[in-house]
Amino acid sequence: MNLHQAKQDIIEVGRRLYQKEFVASNDGNISARIAEDRILTTPTGLCKGTLALEDLCVVDLKGNHISGHRRASSEIGMHLFLYHERPDINAVVHAHPPTATGFSVAGIPLTECVLPEVIITVGSIPIAGYGTPGGPEISEPIRQYVKDYDAYLLENHGATTIGIDVMNAYFKMETMEHFAKILFVAKQLGGVNVLNSEQVGKLVQIRERMGLRGPDPACLIPDETPAPDGAIPTLRTKSANGNDARSEQDLVAEITRRVMAELNK
Ligand SMILES: [Zn+2]
């Protein structure tokens with residue numbers, strides 16, 4: 001990734017996050033992978049709305065300080081975890097967008113198939129369990145979702161998105177918050193009209209034609225019975241690593257689940 005472009009994008013995204021009130025005070029953090037073992041990141045303790053280029057700093061994948069006169073974000077550990085688990089991504093954005101975060105506080109994941117552009121670009125957005133901010137325990141609950149999703153709600157905390165570059169990760173954050181607002185209004189108006197499996201199938205085809213990779217667009221559709229263990233039902237296309245074995249396992253699990261559901265009727 002071009003270093004100068006990455007720096008400018010981080011400054012711009014910080015400004016947008018603050019202006020849109022996706023963060024308050026010094027909250028939130030943004031980073032970009034600028035080389036194999038180099039991560040450009042926002043510093044700790046500064047408002048993201050007024051960052052200057054010289055405020056940014058560089059760490060290696062172990063979190064060692066490489067350059068810059070400020071200390072890296074306190075959430076750099078979560079960013080490094082995501083870069084490690086997802087070699088295909090080059091940017092991480094973490095913020096506290098109020099409506100999406102409200103869903104995380106209420107324990108309601110953004111997993112219903114409702115809006116076409118959300119299904120195509122972000123897919124389903126699960127809630128990763130709570131972990132104390134600023135420490136390693138915030139990353140562990142994301143592990144189960146990290147390979148298949150590009151956007152995560154963090155329980156009682158906020159949200160994190162990842163992408164091929166800084167703007168890509170940021171736009172997923174914007175899409176998530178927009179989706180949360182629309183869903184909130186629909187719920188207040190009395191109900192959510194969820195897309196059916198045929199409608200979702202066509203969106204998945206569009207997604208495949210666009211060559212989008214990364215997130216698994218799994219989401220809840222009306223004729224899906226919730227998975228017995230409370231997991232998000234699967235509607236899987238190719239996952240980030242194109243691992244067919246994984247897809248096959250999922251297919252077997254899905255068939256087993258449906259057979260068990262039939263037997264339990
Ligand atoms: Zn946070």
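In which sense do β7 and strand β8 (residues 158–163) pair, and over how many bridges? The two strands pair in the antiparallel sense, over four bridges, where pairing requires that DSSP finds at least two bridges between two strands.

## Basis of the model

This is a predicted model, in which local features need pLDDT of at least 70 and side-chain atom pairs count only at pLDDT 80 or more, while totals for chains, interfaces and linings use all residues. Residues are numbered from 1 along each chain as its sequence is written.

## Overall make-up

The protein has seven helices and eight strands, these being DSSP runs numbered from the N terminus (helices are H or I of at least four residues, strands are E of at least two). Of its 265 residues, 40% count as buried; a residue is buried if 20 or more other C-beta atoms lie within 10 Å of its own, exposed if 12 or fewer, and partly exposed in between, with C-beta atoms placed from the backbone. Among contacts between residues at least 6 apart in sequence, 64% join residues at least 24 apart, a contact being two residues whose C-beta atoms, placed from the backbone, lie within 7 Å.

## The sheet

Eight strands form an open sheet with mixed pairing, in the order β4-β3-β2-β1-β5-β8-β7-β6. Its edge strands are β4 (65–67) and β6, each of which pairs on one side only.

Strand β1 (residues 29–35) is mostly covered, with five of its seven residues buried. It is joined by four bridges to strand β5 (residues 91–95), and these two run antiparallel, with I30 standing opposite V93 in β5. β1 also pairs with strand β2 (residues 38–41) in the antiparallel sense over four bridges; here A35 stands opposite R38, and a hairpin of two residues joins β1 to β2.

Towards β8, L153 stands opposite A159.

The hairpin of β7 and β8 has three residues between the strands, and in it N156 takes a positive phi near 50°, although N156 is not a glycine. N156 counts as partly exposed because 14 other C-beta atoms lie within 10 Å. E21, in the loop between α1 (3–19) and β1, likewise is not a glycine and has a positive phi, of about 60°; with 13 C-beta neighbours inside 10 Å, E21 counts as partly exposed. Most residues other than glycine have a negative phi.

Helix α5 (residues 166–189) has 24 residues, and at 1.5 Å a residue it should span 34 Å, which agrees with the 35 Å between its end C-alpha atoms; the expected span is 1.5 Å times one less than the number of residues. The buried residues of α5 include V166, Y170, M173, M176, F179 and L183, and among them are also K172 and E177. Just after α5, G190 takes a positive phi of about 125°.

In helix α3 (residues 98–106), the buried residues are A100, T101, F103 and S104. These cover an arc of only 150° around the axis, which puts them on the same side of α3; the arc is that of the directions from the helix axis to the C-beta atoms. They pack against β6, β7, β8 and α5, and just after α3, G107 takes a positive phi of about 75°.

## The nonpolar core

A nonpolar core is a set of buried Ala, Val, Leu, Ile, Met, Phe, Trp, Tyr and Cys residues joined through C-beta atoms within 7 Å. The largest such core holds 60 residues, of which Y152, L153 and M176 touch the most other members. Its largest share, eight residues, comes from α5. Domain 1 (3–189) and domain 2 (197–263) both give residues to this core, so it lies between them; the domain bounds come from an automatic or database domain assignment.

Leaving aside residues up to four places away in sequence, M176 touches P97, A100, L110, V122, I125, A151, A159 and T161.
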